[in-house]
2 protein chains.
Amino acid sequence: MHAAQMAEEYPVIDMDSDAIDAARLLAEHRLPGILVVSADGCPQAVLPASQVVLFIVPKYVQDDPSLAGVLPETMCGQVVSRLLGKKVRDVIPERLSQIPAAKADDNIVEVAALMAKFKTPLVAVLDGKKLLGVITSSRLLEVALNN
Amino acid sequence: MHAAQMAEEYPVIDMDSDAIDAARLLAEHRLPGILVVSADGCPQAVLPASQVVLFIVPKYVQDDPSLAGVLPETMCGQVVSRLLGKKVRDVIPERLSQIPAAKADDNIVEVAALMAKFKTPLVAVLDGKKLLGVITSSRLLEVALNN
């Protein structure tokens, strides 16, 4: 089975959308990550849910997690405010800022190797510049099991 | 909101189950990862879907992804055979072999910091040794947005 047959429809978000809208899509659909596209709809990058979670943890807490325990309740209620004013492009991790994309005729091992290399929860499948769909880790396992 | 209130029911798998059954659960429910428990039901570890994907990529392809393109079709149809004979415990990544667990009264920043530290798609929430449920990255974002 080729990547084109493995690909599924999947939500995308514009690079210049508000980061909070990406968080909303990830939350609503319980996605492991979301495909980021340019204004003309071309796939550009991947934004994992884990990256957005990382972004809402203050730097001083990342450095010393024990500090999180002493944060006042009000501050915990405002974690999402760290996303305000940010665009999707501002929160994409460096390693996924260039789209990990499979070609339509890539085989399952090529797709798996791509996921492993980029440590990405999903890859786009492209026919030239055209987006055919997305393959997530769990979708890839489904295909592997049904082969 | 405390971790206990954020936690949700979530599939678990026994440490000594076949790895292929973990792959099946991940695929069927389209999960980013699965909670691994001991024979007595105590949470032990996390197995991310990405780790199972990594496991089905032969080592020589991980080293040189271009080799995947020249694999014969029959070999691609058998990727899942690499899981045969393996137990769940054999495929858990080192960094998640000790359960990343939140305490019932942890706040949202503590849970987020835990996820960031362990690079895990989910954490267990424990009351002592009792499993209260699981929080995934996307669930955490949902709570953050609704706060």
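User: How do I read the way helix α7(A) passes α8(A)?

Analyst: Two packed helices are described by the angle and the distance between their axes. In this predicted model, α7(A) passes α8(A) in a left-handed crossing, meaning that the near helix is turned anticlockwise from the far one by less than a right angle (clockwise would be right-handed). The axes, lines fitted to C-alpha atoms over the stretch in contact, with angles from 0 to 180 degrees between N-to-C directions, come within 11 Å and cross at roughly 155 degrees. That makes α7(A) roughly antiparallel to α8(A) (the cut-off is over 145 degrees). Helices here are DSSP runs of H or I, at least four residues, numbered from the N terminus.

User: Which residues of α7(A) and α8(A) meet?

Analyst: Ile108(A), Val111(A), Ala112(A) and Met115(A) in α7(A) meet Ser137(A), Leu140(A), Val143(A) and Ala144(A) in α8(A), with contact meaning heavy atoms within 4.5 Å.

User: And which residues of α2(B) are buried?

Analyst: An α-helix has 3.6 residues a turn, so residues three or four places apart point the same way. In α2(B), residues 19-28, the buried ones are Ala19(B), Ile20(B), Ala22(B), Ala23(B), Leu26(B) and Ala27(B); buried means under 20% relative accessible area (1.4 Å probe, protein chains only). They fall within an arc of 155 degrees seen down the axis, so they line one face of the helix; the arc uses directions from the axis to the C-beta atoms.

User: How are things numbered and counted?

Analyst: Residues are numbered from 1 along each chain, and chains are lettered from A in the order written. Local features need pLDDT of at least 70, side-chain atom pairs 80 or more, and side-chain values use heavy atoms.

Technical notes
Buried < 20%, exposed > 50% of the residue type's maximum accessible area, 1.4 Å probe, protein only. Helix = DSSP H or I, 4+ residues; strand = E, 2+ residues; numbered from the N terminus. Parallel < 35°, antiparallel > 145°, perpendicular 65-115°, else oblique.
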